[in-house]
Amino acid sequence: MYLLKIAFRNLFRRRGRTLILSLILTLAVVFFLFMESMMMGLMDITFANIIDLETPHIEIGREEFFLEADEGNILPLEETFVPDDDMLMAINETQGVLGMTKVLDFSADFIAGRHEFPVRVRAIDPLTFGEVFRNQEYLVEGEFITGNGSGIVIGERLAEFFDLQSGDFFTLRFQDRRGAFNTMQGDVKGIVSVPHPDMNLGTVFVAKEQATKALNLQEDKVSQIMVRMENRDQALTQAQKLGVEFAGRDYQVRSYRDAAELLVALEAWGYLETYFILALFLLVGGIGIVSAIVLAAIERVKEIGMMKALGLKENEIVRVFILEAAGIGAIGSLIGCVLGAVVVYWLTFYGLDMEAFLDLGDLGVPMGDKLYGAWNTSSFVLIFIFVVAIAIIASIIPSYWAARKDPVEAIQHR
Amino acid sequence: MSLLELEDVKKIYGQGEIKVFALRGVDLEIEEGEFTTIFGPSGSGKTTLLNLIGALDKPTSGRVQLNGSSIGEMNKNQLALLRRQNIGFIFQSFNLIPVLTAYENVEFALKIAEKGENRKAKEKVENILSRVGLGDMLHRRPNQLSGGQNQRVAVARALVKEPKLVLADEPTANLDSEASKEVLEIMVRMNKELNTTFIFSTHDPMVMEYARRLLELKDGMICREERRE
Ligand SMILES: Nc1ncnc2c1ncn2[C@@H]1O[C@H](COP(=O)(O)OP(=O)(O)O)[C@@H](O)[C@H]1O
Ligand SMILES: [Mg+2]
C-alpha cells in the first residue's frame, strides 16, 4: 500500500521526465490504434467488396480450375462440372447459408473498334445471381442481365477504355470446348461501376445460357458454385466443414479468404509493418524507462538506504521502482487510448480521403476513395496491457540494480 | 544476556593495497534501557560501529550479537527482518522520504514493522508525533519543515515501532544548537519514558553533556569509558 503511494508520488517528483516518457508511449499507442483501425477498416471494406462483387463467402469448384485462376492463366473449360443433387443438398443444408448461385467463368478477349483487351467473362444465372452478389446495385447505365437473352454488362473502366456506352456494339473472342475459336457479338446492355478495380476493368457479365451455347458446353455445366453466408466467421468454419465433406470428390471448397490470397498476404504485411514501427516506439520508450530508473536510483541512493535501514527487503524496494515504471506506462497508454479513441472515432465517422495519399485502386485493392476506420474495443485493452507490460519488463533489471545499492554507502553523509 | 554484545570486532574497508582499518577490535556490551554516547573525532569509526550494531553491515572479524542472534551468520533478508523489528535509525541528514508527509513517514515505518492491519496505528503515530512536539504539523512534507523538525520526525519514526534499540549517528550535526538541544532532550525523555535503549554518536563536546554512559572512540578503538548519573 505504502509502496504504491510512494511510487505514485515519485511520478510527480520528476514531472518532466514522467511526462516525456509517457508521451513517447502515448505516441506508440496512438500510432498503433490509428494503424490498426485503418488496417481493419481497409480489410473490412476490401473483403466486403470482394464478397459482394467477386468471390462470396464460399465458392466450390474443381481444384485445377482454382489453380489456373489463381495463376492468372486462361480459365480451363475442361474443369467445369455439373453439380449433382447430393452436392446441392449438402450446401443447402449447411448452417448459415443465405443464397446460392452457379456461375461459369471463362477467358476471352474483348474487342471493340480496333482494340482488344483480355477479360474474364462471368456467365450468370440471372434468377439467382442477386441472391449472392450485389453487382447489380452498382449499375450506372442501361440494365443488368435479367433474362437469358444476348447482351453483356461491362465495368465502367472497360467502357471508358473502349469509349463505350450502353447500346454500343461489342465482340468477345474465345476458344470453345473443343479449342475452336468462336465469337459472341451483341450490344452492351449495361455498365456497372463497382468499388473493385479488377471487376471494373476486367470482368464482363453475360447470361449463362448464351455462354454455354457459344462454348459448346453441356447446358448445366458450371465452373463454380457461389454461396452467400450470414457472416464471415460462418464462412470460414462452414467452408472447412464442406471441404471435408467434398474431399473425396475432387472439389475444393474455398472461403473468401482462400480466394484472396494476395489480400491476406497484404493484410499480414500491413500488420507486420505496424508491429515493427510499434516495436521501434516501444524500444525508445523502454530505453527511456531504463535510463529513468537508473537516474532515479542515483538520485535516491539515500532514500533507498533509508528504506533498507527501516527493514524493507530488496524485492520490496524493487517493487517501488517497477510500480513507478508501470505508472509511466499506464499514464502514457491511458492518454494514448483517449487520444486514440478520438482519432479512431473520427475515422469511423468521417473516414480518410485516400486519394490524397495514394490511389489504392492502382494497387488492385478493391475499396472506395474514402477509407473508414474500424472500431475495435479489444485493441484498446490489448495495447494498454501490452504497453504497461513493456514498461514493467523494461524496469525489472534496473530496479534490481537500484535495490542492490549498499545501505551503508547509501546512508553515509557526504 | 545483554541486549547487545560486541566481541573483538574488526572492520577493514577495501582490499589489496589500500586497506582502511576502521575498527581495530572493539569489545562492548550494552544493556536494555541504557543511554550511550559514542564520542570521537571525525574518521574515528563511529559510523562504522553504528552500522555494524544496526545490522546494516557485517564485521570483517569478531562477533556482533543482537538480542541473542549473531548478525555475521545472517543473510540479507534476515538482516532486514532483524532491523525492521528491533532497530530504529536516526541519521545526520534526516533521510525522510520526501514524497511522504510527516505522518506518513512515521506510519510507513510502523507498517513495515508490523505487517497486517493495526487499528491502533493512527493513534500510535499521532501520539508519538505529538510527543516530539509535531502534533500540529502531521501533514507537512519534509521540505515544509525545518531541520530540527525533520529530525524530530526522524526520532518519531525510529520510535513508533517501539524498537529495542535506537541508533542515532550524529543526529545533531546538521542542526543549530537550539534545535540540537530539543532533539537531544526528546531522546533523553523517550529513553526515560519508554525505556528504549539509545546509542548515539557525536563529535560535538557540547552534546556530551547529555551522555549517561560515554564511550570515546579513537582510531577504531575504544580508548575511554565513563558512566555518569
Ligand atoms: N565505505 C568505506 N570505504 C572505505 N573506507 C571507509 C568507508 N567508510 C568509512 N571508511 C573509512 O573508515 C574510517 C572510519 O570512518 P567512519 O566510521 O565513517 O568514521 P566517523 O563516522 O567517526 O567519521 C575512515 O578513515 C573512513 O575514511
Ligand atoms: Mg560518521
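The lining of the second largest cavity is made up of six nonpolar, one polar and one charged residues. This cavity belongs to a predicted model, and its space comes to about 50 Å³. Its lining consists of L50(B), N51(B), F89(B), I90(B), F91(B), L167(B), A168(B) and D169(B). Three elements of chain B, α1 (46–53), β6 (87–90) and β7 (165–169), each supply at least two of the lining residues. The largest share, three residues, comes from β7(B).

In the whole structure, the search finds four cavities of 30 Å³ or more. The largest cavity is lined by 16 residues, and R17(A), A292(A), R300(A), E324(A) and I328(A) are those that lie nearest its centre. At least two lining residues each come from α1, α2 (15–53), α11 (261–299) and α13 of chain A.

| Cavity | Volume | Lining by class |
|---|---|---|
| Largest | about 150 Å³ | nine nonpolar, two polar, five charged |

The contact between the chains involves 25 residues from chain A and 31 residues from chain B. About 2,500 Å² is buried between chain A and chain B, with carbon and sulfur atoms giving 62% of this area. Four salt bridges are found across the interface. In one salt bridge, E104(B) pairs with R9(A), and their closest N and O atoms are 2.5 Å apart.

On the side of chain A that touches chain B, two or more residues each come from α1 (2–13), α12 (301–309), α13 (314–350) and α15 (407–411). The most, seven residues, come from α1(A). By class, this side has eleven nonpolar, four polar and ten charged residues.

How values were computed:
Residues are numbered from 1 along each chain as its sequence is written. Chains are lettered from A and ligands numbered from 1 in the order in which they are written. This is a predicted model: local features need pLDDT of at least 70, side-chain atom pairs count only at pLDDT 80 or more; totals for chains, interfaces and linings use all residues. Side-chain values use heavy atoms; hydrogens and water are left out. Contact means heavy atoms within 4.5 Å. Buried area is the accessible area (1.4 Å probe) that two parts lose on being put together, summed over both. A salt bridge is a side-chain nitrogen of Lys or Arg within 4 Å of a carboxyl oxygen of Asp or Glu. Helices (H or I, at least four residues) and strands (E, at least two) are DSSP runs, numbered from the N terminus. Ala, Val, Leu, Ile, Met, Phe, Trp, Tyr, Cys and Pro count as nonpolar, Asp, Glu, Lys and Arg as charged, and the others, Gly among them, as polar. On a 1 Å grid over the protein atoms alone, a cavity is a set of points where a 1.4 Å probe fits but cannot get out, and a pocket is an open set with protein on both sides within 12 Å along at least five of seven lines; lining residues have an atom within 4 Å of a point. Grid points are joined across faces, edges and corners, and a volume is the space filled by probe spheres set on the points.
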